[in-house]
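This briefing covers metal contacts, aromatic rings and charged side chains. Please read it alongside the sequence and the structure.

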Amino acid sequence: MEKLLTDLGPVCAVIGAQWGDEGKGKVIDILAGHFDVIARACGGANAGHTIVVNAKKHVFHLLPAGSLHEGKSVVLGSGMVIHLPTLLEEIQTLEDAGIAIVDRLLISPAAHIVFAFHKQIDAAMELRLTKQQGKGIGTTKRGIGPAYMDKAARRGWRMEVLRLREADWRAGLQGHMADVAQSYDVTVNVDAEVEDLRRAQTKLKGCLMVSAPDMLRIFLDERKKILIEGAQATLLDIDHGTYPYVTSSSTTAAGALQGLGLPPKTLTSCIGVAKAYCTRVGEGDFLTEASGKTAERLRERGGEYGATTGRPRRCGWLSIPDLKHAATINGFDCWNITKLDVLDEERAIPVGVGMEKGKVIYEELPGWESSTSALTAFEDLPEQAKKYIRFIEEQTGIPVRLIGTGQGREEMIVRQNS
Ligand code: GDP
Ligand code: IMO
Ligand code: MG
C-alpha cells in the first residue's frame, strides 16, 4: 500500500469508468484511512456507494463513503445537489452507530438544494417521456435533473439559504418555485418544504463553509491529503456520456475539480474504477449487454441490484473502447478492477475490443473456473485471472494497481507495480 500511496500523491480522485456502481465506495473506504479530507464534488442522492466492514453493510448517498473513518474532514462540494432529509438521515445513521460527523462535515454554501417538488417533477418528466416516446431516461427519481435545471436557469436555491429566515423561504417557495413546479402539474407543499429547511438549519448551520474553494486551499496549504470521491461515472457524464441517457452533472475528474473549486493542477492522481465485467441501470445503449441466463448469472453472482433504487442492473461484458474513452477523458494513472471474483465460474469471458459494421467484436478469454474470493496477493490469482488483468493493461495501456476480490474492506489486491 505504501508504494501506491506515494504514487497517488496528496490529491487523488476516484472516478467511475463505466455507467456507475463500479465499486467506488469500497476503494474510497480503503484509501480514506490514509487521507485527511474526503470530498464529494458533484451529483446527489442518485449515488449509492456501498461498503462492507466486518460483514456489516453501509450505503452512502450524499456523504462520502469515507465518512466512516472518524476524525477525517468530510466535504460536500459546490457542484452537488443536496436533498436535505436524506442528508439528515445519513448523519443520523452514523450517529446511531456512534460515529460523530457534524463537527467534521463541511458543506459548500454554493451547493444546490433538491426539494421534494424536484423529485416529483423528476417522476412527472419520466412519465411524460414514457408517454411520448415509449420510455424515459430511467432516472433514479431523486430530483437530480430538475434541481440541475433550476441551477442552470439561475433560479435554484443553494445551501446558503439555510442562513435565511422562514419568511424568506415561504416567499420564494410560493413565488417562482411554485410556478416552475406548476408547469409539470406539481404542487409545492410549502409547509413541508419549510419544515425540511428548518430541520436542516438546526442541524447543519454550523457546517456551512464561508467558501469551499478557500477551505480547500487552506487544507492544501496545511499539507493535508485530499481524496475525491467521484459519483456516477464517465459514461453517465452530461458532456462525455451516452447522451441523452446520462445524469445531469459532470462526473469526470475535471468535473470533480470544477465542482470542488480545486485548481486542476493540484490533482496528483486519478484512479479509474471499472468492474471486471459491466453493468448499467436505466435506459440507453449498452453494446456489450448479455442476455438470458448469462445476464442472470452475472446479476446473481454480482448482487447486481441498485443500491439507491433496488432496480436489477443490466449486466454484460467489459468494453475496452469504453475503458479507453474514459481513460482519455480522465487521464487515469491506474485502474481499480473490481468484482473479479464474480467471474470465478465463467468458462470463457468475452471482452468487447472494437466495432465492425455496427457490431461489437469480441475477444474471448479463457475463464479460470476457480475461486479468487478474498485473495489479497496478485501471485495467488489463478493463471487465467492474471492473464485477464494483463489483457486489460495491454489493451488500455494503464496499469491495474487494485483488484477487488469481494465485498469486504479487506478483499482487495493492492499491487506495488504492475
Ligand atoms: P459505487 O456506486 O461505485 O460505490 O458501487 P455500488 O456500491 O453501487 O455497487 C458496487 C457493489 O459491489 C456493492 O454492493 C459492493 O459491496 C460490491 N463490491 C465492490 N467491490 C467488490 C468486489 O471486488 N467483489 C464483489 N463481489 N463485490 C464488490
Ligand atoms: P453511483 O455513484 C448507477 C443513472 C440512472 C439513470 C441516469 C440518470 O452509485 O455510481 P439521474 O437520477 O441521475 O437523473 O439518472 O443515471 N445513475 C446511476 N447509475 N450509479 C449511479 O451512481 C447513478 N447515478 C445516476 O440510473 O440511468
Ligand atoms: Mg452505486
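A salt bridge is a side-chain nitrogen of Lys or Arg within 4 Å of a carboxyl oxygen of Asp or Glu. The structure holds 24 salt bridges. The model is predicted: local features need pLDDT of at least 70 and side-chain atom pairs count only at pLDDT 80 or more, while totals for chains, interfaces and linings use all residues. Residues are numbered from 1 along each chain as its sequence is written, chains are lettered from A and ligands numbered from 1 in the order in which they are written, and side-chain values use heavy atoms, with hydrogens and water left out.

**Salt bridges**

- Glu22 and Lys24 join their side chains in a salt bridge of 2.8 Å, N to O. Both Glu22 and Lys24 are buried (buried is under 20% relative accessible area, exposed over 50%, partly exposed in between, with a 1.4 Å probe and protein chains only).
- Glu95 and Lys203 form a salt bridge of 3.0 Å, N to O. The pair links distant parts of the chain, 108 residues apart: Glu95 is in helix α3 (residues 84-96) and Lys203 in helix α8 (residues 190-204). Helices (H or I, at least four residues) and strands (E, at least two) are DSSP runs, numbered from the N terminus.
- Glu95 is partly exposed at 28%, and Lys203 is partly exposed at 32%.
- Asp150 meets Arg155 in a salt bridge of 2.6 Å, N to O; Asp150 is buried at 2%, whereas Arg155 is partly exposed at 28%.
- Salt bridges with shared partners join Asp21, Lys275, Glu304, Arg313 and Lys339 into one network.

**Magnesium site**

- Asp21 (OD) and Gly48 (O) coordinate the magnesium ion (ligand 3) at 2.0 to 2.1 Å. Donors are N, O and S atoms within 2.8 Å of the metal (3.2 Å for Na, K and Ca); water is not among the atoms, so sites may look incomplete.
- Asp21 is partly exposed at 22% relative accessible area, while Gly48 is buried at 11%.

**Aromatic rings**

- The whole structure has five aromatic pairs. Rings of Phe, Tyr and Trp (its six-membered ring) pair if their centres lie within 6.5 Å; planes under 30 degrees apart count as stacked, over 60 as edge-to-face and the rest as tilted.
- Trp19 and Phe286 form a tilted pair, 5.1 Å centre to centre with 55° between the planes. Trp19 is buried at 5%, and Phe286 is buried at 6%.
- Phe115, Phe117 and Trp157 are linked into a cluster by ring pairs.
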